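Let's take a walk through a protein together.

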Amino acid sequence: MKKIFELTNRYIVVATPLILFSLLSGVYATISVNGKSVIGMAVAVVILFLMSVTFVAGWGQMVKSAALDESPDNPNSIIKNFSFGVGGYFLPVLGLIIIAGIVTGMFLFLAYKTGMYYIGEIGINMNDFSKALSNQETLKAFLSGLTTSQLIKINAWNMLILGVMMISSFLLFLFLPALFITCKNPFKALFISIKNIFSKNFFNTMGIYLLIFGINFLISIFSTIFASNVIMNFVATLINFYFICCISIGVFYYYNKTFVQPQLGSSVDTYI
């Protein structure tokens with residue numbers, strides 16, 4: 001873990017594109033939903049999707065450079081790798097996102113079929129439920145009007161979807177570093193990443209995944225608690241950005257040290 005924090009602090013410049021993209025995409029999304037027709041909304045979604053692909057392609061290259069410690073004497077120089085990443089990885093990342101979306105969709109469909117068979121319908125109006133999600137007060141009022149059986153079914157559906165999403169995201173856990181470090185073909189990168197997950201380092205990889213999930217859960221709770229406090233909410237946002245940079249560099253570092261370097265004949269420690 002110490003090495004990961006050292007790399008993150010040394011290459012903290014990776015946070016710059018992340019923050020800028022978060023701000024720009026947020027502003028663009030907000031502007032796009034106001035007064036747009038169906039076609040206009042569709043175009044806005046496509047543009048936002050392509051923006052995301054561009055960002056992941058460029059930022060992934062920067063994260064790779066940071067994880068491999070390519071510029072220890074001039075860490076800020078990896079900012080130029082963003083444009084290299086966009087040029088070299090736009091299409092591979094596009095394929096990765098489409099494949100990841102299909103895999104996630106298949107798991108959600110499986111969860112739906114499983115839930116309908118074992119749990120059944122909740123018996124609520126989805127329009128009323130969507131309106132209830134607008135704020136905490138309306139949600140509490142909506143839930144208080146449900147029967148015990150309906151509440152049990154809602155909790156069961158939540159647990160099922162959470163479990164399925166955790167499984168699907170774990171299978172895709174090493175997909176991105178495999179694409180940037182091992183193979184630019186997204187289909188081969190998916191196969192390689194899954195093969196590496198189910199290797200002798202399976203429990204080590206799962207432990208890291210669960211650690212990341214747990215920390216992210218705690219940060220989410222912290223952000224929710226202090227959502228109304230401007231200063232604390234700002235601190236939570238900074239922590240979240242740092243956490244994203246840290247885990248991204250950490251996963252790339254772990255993948256390289258555990259699955260790439262040993263194949264090159266290097267003797268390395270596979271634990272972060």
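The whole patch covers about 690 Å² and is made by Met-159, Leu-162, Phe-213, Phe-217, Leu-218, Ile-221 and Ile-225. Two helices give two or more residues to the patch, H7 (148-171) and H10 (202-225). To belong to a patch, a residue needs over 30% relative accessible area and no salt bridge; like charges are joined within 9 Å, and nonpolar side chains (Val, Leu, Ile, Met, Phe, Trp, Tyr) within 5 Å. Areas come from the Shrake-Rupley method with a 1.4 Å probe, and for residues only the protein chains shown count as cover.

Before going on, a word on what you're looking at. This is a predicted model, where local features need pLDDT of at least 70 and side-chain atom pairs count only at pLDDT 80 or more, while totals for chains, interfaces and linings use all residues. Residues are numbered from 1 along each chain as its sequence is written, and side-chain values use heavy atoms, with hydrogens and water left out.

Now zoom out. The protein has 11 helices and zero strands; both are DSSP runs numbered from the N terminus, helices being H or I with at least four residues and strands E with at least two. The C-alpha trace spans about 60 × 45 × 40 Å along its principal axes. Of the 272 residues, 37% are buried. Buried means under 20% relative accessible area, exposed means over 50%, and partly exposed is in between (1.4 Å probe, protein chains only).

How far apart are the end C-alpha atoms of H7? They are 35 Å apart, which agrees with the 34 Å that 24 residues should span at 1.5 Å a residue (the expected span is 1.5 Å times one less than the number of residues).

What about the inside? In soluble globular proteins, nonpolar side chains tend to be buried together. The largest nonpolar core here has 54 residues, and Val-14, Phe-173 and Tyr-255 have the most contacts inside it. A core is a set of buried Ala, Val, Leu, Ile, Met, Phe, Trp, Tyr and Cys residues joined through side-chain atoms within 4.5 Å. Helix H11 (230-260) is one of the elements that give two or more residues to this core, and H11 gives the most, with 12 residues. Look around Tyr-255: beyond its neighbours within four places in sequence, its contacts (heavy atoms within 4.5 Å) include Leu-174, Pro-177, Ile-181 and Ile-192.

Finally, a charged pair. Side chains of opposite charge can pair when their charged atoms come close. The count comes to one salt bridge, meaning a side-chain nitrogen of Lys or Arg within 4 Å of a carboxyl oxygen of Asp or Glu. Asp-69 pairs with Arg-10, their closest N and O atoms being 2.8 Å apart. The two sit 59 residues apart, Asp-69 in the loop between H3 (38-67) and H4, Arg-10 in H1 (residues 2-10). Asp-69 is partly exposed at 23% relative accessible area, and Arg-10 is partly exposed at 30%.
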